[in-house]
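Subject: Structure for you to look at

Hello,

Please find the structure below.

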Amino acid sequence: MSQTSPVGDEALMRLALDEARSSIDAGDVPVGAVIARGDEVLAAAGNARERLGDPTAHAEMLVLRDAARRTGSWRLEGCTLVVTLEPCAMCAGAIVLARLDRVVFGAADPKAGFAGSLGDLLRDPRLNHRVDLTSGVLADECGAALRDFFRSRREGAQPSA
């Protein structure tokens, strides 16, 4: 059974959505992530692949790095990652390696998601750590941000935040 963050999954997802929207100005896909430990938000970021020219600059990777710096440890036990889009294989692997307790995501990603869609690295019993997973939190809002972004790109317009 999934635990709910003391701050609240929806409140943290709204912070992640704010981060997602802030990444649009740089031309990045609007995905945002937040890491919290109890009531404390340790890190928040949006995708920055375009801005940084870094293929690993997914929102999840950025918050993992920031939270590890902030806590002084790569082990992020007791932490929850909240992200607007189901993590990809790279991010799911990093989440397991960071020993996060919990992941909450909004929209499923049937084309690249590795938290249940294409595979499930977060809960694979062959790995030495498994992550508690909650999906579908504010899924409609998270999905709408992505759909609006890609619709605007197809139409040649700059999406609005």
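Strand 3 and strand 4 are paired in the parallel sense, with five bridges between them. This is a predicted model, so please read everything here as computed from that prediction. Together with helix 4, strand 3 and strand 4 form a right-handed β-α-β unit.

Strand 4 (residues 102-107) also pairs with strand 5 (residues 132-135): the two run parallel and are joined by four bridges. Here Arg 102 has Asp 132 in strand 5 as its bridge partner. How many of the six residues of strand 4 are buried? Six of the six are, so the strand is largely enclosed by the rest of the structure.

Leaving out residues up to four places away in sequence, Thr 84 touches Met 13, Ala 16, Leu 17, Ala 20, Pro 30, Val 31, Gly 32, Gly 106, Ala 107 and Cys 142.

Next, the helices. Helix 3 covers residues 59-71, which is 13 residues. From its first C-alpha to its last it reaches 18 Å, close to the 18 Å expected at 1.5 Å a residue. Its buried residues include Ala 59, Met 61, Leu 64 and Ala 68. What do the buried residues of helix 3 pack against? They pack against strand 1 (32-37), strand 2 (40-46), helix 2 (49-52), strand 3 (80-85) and helix 4 (89-97). Just after helix 3 comes Gly 72, with a positive phi of about 80 degrees.

Helix 5 (residues 139-155) can be checked in the same way. At 1.5 Å a residue its 17 residues should span 24 Å, and its end C-alpha atoms are 24 Å apart, so the two values agree. The buried residues of helix 5 are Cys 142, Gly 143, Ala 145, Leu 146, Phe 149 and Ser 152. Among the elements that cover them are helix 1 (9-22), strand 3 and strand 4. Gly 156 follows helix 5, and its phi is positive, near 80 degrees.

The largest pocket holds about 500 Å³ of space. It is lined by 21 residues, of which Val 29, Val 31, Leu 85, Asp 109 and Leu 146 are the closest to its centre. Which element gives the largest share of the lining of this pocket? Helix 5 does, with four residues.

Last, two backbone angles. Most residues other than glycine have a negative phi. Arg 99 is not a glycine, yet it has a positive phi of about 65 degrees. Arg 99 sits in the loop between helix 4 and strand 4. Leu 138, also a residue other than glycine, has a positive phi near 50 degrees. Leu 138 is in the loop between strand 5 and helix 5. Is Leu 138 buried or exposed? Its relative accessibility is 15%, so Leu 138 counts as buried.

Regards

Notes: Residues are numbered from 1 along each chain as its sequence is written. This is a predicted model: local features need pLDDT of at least 70, side-chain atom pairs count only at pLDDT 80 or more; totals for chains, interfaces and linings use all residues. Side-chain values use heavy atoms; hydrogens and water are left out. The expected span of a helix is 1.5 Å times one less than its number of residues. Buried means under 20% relative accessible area, exposed over 50%, partly exposed in between (1.4 Å probe, protein chains only). Contact means heavy atoms within 4.5 Å. Two strands pair if DSSP finds at least two bridges between them. A crossover is right-handed if, with the strands pointing away from the viewer, the path from the first strand over the helix to the second runs clockwise. On a 1 Å grid over the protein atoms alone, a cavity is a set of points where a 1.4 Å probe fits but cannot get out, and a pocket is an open set with protein on both sides within 12 Å along at least five of seven lines; lining residues have an atom within 4 Å of a point. Grid points are joined across faces, edges and corners, and a volume is the space filled by probe spheres set on the points.
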